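Visitor: Could you walk me through this one? I'd like to ask about it as we go.

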Amino acid sequence: MENWESYVRKVVPYVPGEQPQAERMIKLNTNENPYPPAPGVQRALAGFNPDTLRLYPEPTCKVLVDAIASYYGLCSDQVFVGVGSDDVLAMVFLTFFNSGKPVFFPDITYSFYDVWADMLRIPYETKALDDAFEIRVEDYYGENGGVIFPNPNAPTGILMPLDKIEDIIAHNRDVIVVVDEAYIDFGGTSCVDLIRKYDNLLVVQTYSKSRSMAGARLGFAIADAGIIADLEKIKYSTNPYNINRLTLLAGEAAVESNAYYVENAKKIAATRDMTTQKLREMGFTVLDSKANFIFAKNNAVSGRVLYEELKKKGVLVRFWGKEKIEDFLRITIGTPEQMEVLFAKTAEILQEQKGD
């Protein structure tokens, strides 16, 4: 047994955003929604019978799947649900990216993609964003084993228009193209309708952002029925009861409360645009985001210093320090009141650094 470690699957893990225990911390680091779930979700959970927890949940998640399908005007066999969009995306990597050819995704994007690829021994190539941090569609024309990218992209927040998305799909008809729409509700138009035209398109969304249910862990995919059937086979081969009863109940109620979430998304978008303008006035470079976060750097103080000093002052943001984005911070959009605290603490730091 002394050689057992040589057989361990080695991977550099994804690092999730910090979940601080300090009650007074303003948490702007994990893109959670600052507003509560819809009243309908709260009523549904209040009426939950805890005795049913002794029973497994219904494995096909039929009631929830039917509700999502109905909302999008689709058939139920075109919808797949999982434990957050991360679970759905992991299933996608496991199911479809097995050709031995490299999967394409941007070099600056959701940092879970390369983790899954490394863990599953999937070859991949990252495609550099251009100088404006935008995806160049022609980089995705070459032979590959699949394509995946978020829209809007993360952590930049930049939205790709539908015609460019369709261009990428049309140039990759023999592989699965995955569009990760975790943030689409804050200023973009979903490409879900394109699945009626392209049977190789798979769209992934989540309840964690616009639907205020990050703690429930619920995500879904929409695609051609054949793609969904393949995902279901992997699901039933790993964890058939993967959505718990409470989450199924909350998820169904959330679909019925869509107007509430649309209104909240509009409020967040307005706060985002106000925050962008304010930080630019304070000497920041801020990318044009269509997500519930912004990607910003100050032209006088390093990203690391800003991150560390803001944390000391009770405001937590996301910092990576990676090449090309070493001075950028990703700042989740909170309530207007929370953003005012961000502005005040940032101004303090800029003044202190100027004094040094």
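**A walk through the model**

Visitor: Let's start in a loop: between which strand and which helix does Pro155 lie?
Guide: Keep in mind that this is a predicted model. Pro155 lies in the loop that runs between strand 5 and helix 5.

Visitor: And is the peptide bond from Ala154 to Pro155 cis or trans?
Guide: Most peptide bonds are trans. The one from Ala154 to Pro155 has omega near 10°. That bond is cis.

Visitor: Which residue does a cis peptide bond join to Asn151?
Guide: Look in the loop between strand 5 (147–150) and helix 5 (162–170), where Pro152 has its place. Omega is about -5° for the cis bond there, and the partner of Asn151 is Pro152.

Visitor: What about backbone angles: what is the phi of Asn31?
Guide: Most residues other than glycine have a negative phi. Asn31 sits in the loop between strand 1 (26–27) and helix 1, and it counts as buried at 1% relative accessibility. Although Asn31 is not a glycine, its phi is positive, about 60°.

Visitor: Is Ser212 buried or exposed?
Guide: Ser212 is in the loop between strand 7 (201–206) and strand 8 (219–223), and has a positive phi of about 60° without being a glycine. The cut-off for buried is under 20% relative accessible area. Ser212 has 11%, so it is buried.

Visitor: Now helix 1: where do its buried residues sit around the axis?
Guide: The buried residues of helix 1 are Gly40, Val41 and Ala44. They cover an arc of only 100° around the axis, so they are on the same side of helix 1.

Visitor: Which residues are exposed on the other side of helix 1?
Guide: The buried residues of helix 1 are taken up with packing against helix 7 (245–255) and helix 8 (258–281). Turn to the other side of helix 1, and the exposed residues are Arg43 and Ala46.

Visitor: How about Ile243, what is its relative accessible area?
Guide: Ile243 lies in the loop between helix 6 (225–238) and helix 7. It touches Pro57, Cys61, Val81, Gly82, Val83, Leu218 and Leu248, leaving aside residues up to four places away in sequence. Ile243 is buried, and its relative accessible area is 2%.

Visitor: What separates the C-alpha atoms of Ile243 and Tyr260?
Guide: Along the chain, Ile243 and Tyr260 are 17 residues apart.

Visitor: What is the accessible area of the surface patch formed by Leu45, Leu53 and Leu246?
Guide: One of these, Leu53, is found in the loop between helix 1 (39–46) and helix 2. The three leucines form a nonpolar patch on the surface. Together, their accessible area is about 240 Å².

Key
Residues are numbered from 1 along each chain as its sequence is written. This is a predicted model: local features need pLDDT of at least 70, side-chain atom pairs count only at pLDDT 80 or more; totals for chains, interfaces and linings use all residues. Side-chain values use heavy atoms; hydrogens and water are left out. Patches are made of residues with over 30% relative accessible area and no salt bridge: like charges are joined within 9 Å, nonpolar side chains (Val, Leu, Ile, Met, Phe, Trp, Tyr) within 5 Å. Accessible areas come from the Shrake-Rupley method with a 1.4 Å probe; for residues, only the protein chains shown count as cover. A salt bridge is a side-chain nitrogen of Lys or Arg within 4 Å of a carboxyl oxygen of Asp or Glu. Helices (H or I, at least four residues) and strands (E, at least two) are DSSP runs, numbered from the N terminus. Buried means under 20% relative accessible area, exposed over 50%, partly exposed in between (1.4 Å probe, protein chains only). The arc is that of the directions from the helix axis to the C-beta atoms. Contact means heavy atoms within 4.5 Å.
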